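Here is my note on the model, in numbered points. Please read it with the structure open.

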Amino acid sequence: MDITVYNVYSKYLKEKFGEKVYKLPISLPITCPNRDGCVGTGGCIYCGEEGGSFENLPNTFSVKEQVERNKDYIKKRYGANKFISYFQSFTNTYMPLEDFKRYVEESIVDDVVGISISTRPDCINDKYLEYLSHIKNKYNQEITIELGLQTVNYHTLKKINRGHTLAEFIDAVIRNKKYGIRTCVHLILNLPWDNMDDTIENAKVLSALEVEEVKLHALYIIDGTELGRMYKKGEVSIISKEEYKERVITFLEYLDEKIVVQRIIGRAPKENSLFVNWNESWWKVRDEIVAKMKDQNTRQGIKCNYLNGLAIKKFKNY
Ligand code: SF4
């Protein structure tokens, strides 16, 4: 589908690297500080056994093997030539620095032009970033930290048992910038405790912090999780697909047009799920949102007029 109403990731990659670039998912035998008792137990209330991903090779394969196998497959299937190694599951900076270095270096094979690392805002510090900045320069890699935030509403963060607040997120974004590392923020716009005001504030905070990328997911509910239990007992409900579409459109309108949008709805596993994307395929919901934006003649950034001292703008020459 021709997407011109928001700043699409695939277009950004094509402009930056001169051709299509594909992500190679990597899964490590690790956990998360919100599951092992370091900052919490039980994890985020929606987190399943896979720790945020479900389509990877088993983590018993080495990093190099996973990267090479996925690369061969994607090369054959799509004729791709350039790739991003993507550390996807759980918290990929939650390990001793020496282990982290070993994994990162294993992931840099021929044709890899970037590394994306998913983690939590409370799992970033200067030592890891200093190392990543060194790798960026030494191997000419584009490095992105993908930060799970889900919402800027710190009351909701408590309800979903994230184990961190908004402050750690702000700290991580500022630190990434200091080291020339890009930030991609993961958000869920239909958390049961959030409303349209939160949606707008999500866009405003990301724009004010000048993050580089954002990835939106619709909440999916896995059986066996705390959220699954709440859903079955009727303690939480999910907004309609129409309302989700409205939230995504409003979010994009308030989002700075420079921010690259990786996704506006995620793929989700059907097995063991109680609720997934209103029983629609993710791309159909995406296409509906894009069509609606075109109909309404709207686009990303159209309402991003609140930064840099809006009130002063009434005086001429300011
Ligand atoms: S931070 Fe990620 S891996 Fe950890 S509990 Fe939450 S969703 Fe799961």
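1. Is Thr199 buried or exposed? Thr199 counts as buried, because 24 C-beta neighbours lie inside 10 Å. (Buried takes 20 or more other C-beta atoms within 10 Å, exposed 12 or fewer, and partly exposed lies in between; C-beta atoms are placed from the backbone.)

2. The model is predicted: local features need pLDDT of at least 70, side-chain atom pairs count only at pLDDT 80 or more, and totals for chains, interfaces and linings use all residues. Numbering runs from 1 along each chain as its sequence is written.

3. Thr199 sits in helix α7, residues 196-208. Neighbours within four places in sequence aside, its contacts are Leu189, Asp194, Arg247, Thr250 and Phe251. (Contact means C-beta atoms, placed from the backbone, within 7 Å.) Leu187 is 12 residues away in sequence and 9.5 Å away in space, C-alpha to C-alpha.

4. Now the core. The largest nonpolar core has 74 residues; Tyr46, Val185, Val214 and Val248 touch the most other members. Helix α9 (residues 241-254) gives the largest share, six residues. (Such a core is a set of buried Ala, Val, Leu, Ile, Met, Phe, Trp, Tyr and Cys residues joined through C-beta atoms within 7 Å.)

5. Val248 deserves a look. Leaving out neighbours within four places in sequence, Val248 contacts Leu189, Leu216, Ile264 and Ile289.

6. Overall, the protein has 10 helices and nine strands. (Both are DSSP runs numbered from the N terminus: helices H or I, at least four residues; strands E, at least two.) Buried residues make up 40% of the 318. The C-alpha trace spans about 55 × 55 × 40 Å along its principal axes.

Technical notes. Two residues are in contact if their C-beta atoms, placed from the backbone, lie within 7 Å.
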